[in-house]
Each structure stands twice: as C-alpha cells, then as structure tokens.
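Here is my note on the model you sent.

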Amino acid sequence: MKEPTSTPYGKAIEHENGILELIFEGNLDDPERMLANHEFLAQHFDMESERILLVDMRKVGKTTKAVRQTAPEDEMQKAVALLTGPGLSKIVGNLFLSFRKPKYPTKIFSDREAAIAWLLSFADK
C-alpha cells in the first residue's frame, strides 16, 4: 500500500490490488471544495481509465444536494463500493445513489472486507 495522499476532503490511497480508496472526512457541504477534490484526484491519479473505487464515507457528517451534484457524470469507473457505518452515513450513501444513478456497478457496504472482495471481482474485467 502506498502512503495516503491528503485531498481537499480527506485522503486517497492507491492500493497495489488496483483499488483507489477515497476516505472522506467531516461535512461534505462546500461544492467548491468538492470540485477542488475532483480536480485534485484527476491531477494525481489516473482517472481517465476505468478504476475500481472504495469510497469510505464512515467519517462523513452531513452533506448537501449541491455537493452531491458535483460528482462527475463522465467518470470511467469499473465499479464503486461505498463504505458506510450504521445510521447517518448509510443514509448519505443511499441519498447519493438515489440522486445520481451511476452508469457503473455501485453498492453500499458496512463491512470493508466484503466491499474489497466485491470490488476485486471487477479487477480483471
């Protein structure tokens, strides 16, 4: 595992198994900061090719509709696993999926190992 890279909204880790893990922290309530986060990821990681992403939302407080709408629709992803804890973060994950119907397989998990196993099923496709 490479060292975590700080992003405007948390951390990113590029794992040797091909998974790019995005760890979001705090409130996701500033659309400009989220756009800066997307731009940062595009500059520091290969976001032009299909990726498998583990998006850890367990440390997210609140989010806003404006922030959720900043998610790029043209990203090329093989699959995305949203990792949530119980309660609010699971609601945030479900809200994200209800507003943004992804064009790639997306699933919510509360168990990190289960999320990784599911993502790795897309690694060689």
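1. Start at the N-terminal end of α4. D111 caps it, with a side-chain oxygen 3.2 Å from the backbone nitrogen of E113. Bear in mind that this is a predicted model.

2. Helix α4 spans residues 112–120, and its buried residues are A115, I116, W118 and L119. Why do they sit on the same side of α4? Because they cover an arc of only 160° around the axis. An α-helix has 3.6 residues a turn, so residues three or four places apart point the same way. On the other side of α4, E113 and A117 are exposed.

3. What covers the buried residues of α4? The cover includes four strands: β3 (19–28), β4 (51–63), β5 (77–83) and β6 (106–109).

4. Now the strand pairing. β3 and β4 are parallel and share eight bridges. Within this pair, L20 has L53 of β4 as its bridge partner. β4 and β5 also run parallel, joined by six bridges. There, R51 is partnered with Q77 of β5.

5. The largest nonpolar core holds 19 residues. L22, F24, L28 and V55 have the most contacts inside it. Two or more residues each come from β3, α1 (31–44), β4 and β5.

6. V55 deserves a look. Leaving aside residues up to four places away in sequence, V55 touches L22, F24, V80, A81, L82 and L83.

7. There is also a second, separate core, of twelve residues. Among them are L54, A79, F109 and L119. L119 is also one of the buried residues of α4.

Terms used:
Residues are numbered from 1 along each chain as its sequence is written. This is a predicted model: local features need pLDDT of at least 70, side-chain atom pairs count only at pLDDT 80 or more; totals for chains, interfaces and linings use all residues. Side-chain values use heavy atoms; hydrogens and water are left out. Buried means under 20% relative accessible area, exposed over 50%, partly exposed in between (1.4 Å probe, protein chains only). The arc is that of the directions from the helix axis to the C-beta atoms. Contact means heavy atoms within 4.5 Å. A polar contact is a pair of N or O atoms within 3.5 Å; within protein, one must be able to donate a hydrogen and the other to accept it, and residues adjacent in sequence count only if both atoms are side-chain atoms. A nonpolar core is a set of buried Ala, Val, Leu, Ile, Met, Phe, Trp, Tyr and Cys residues joined through side-chain atoms within 4.5 Å. Two strands pair if DSSP finds at least two bridges between them.
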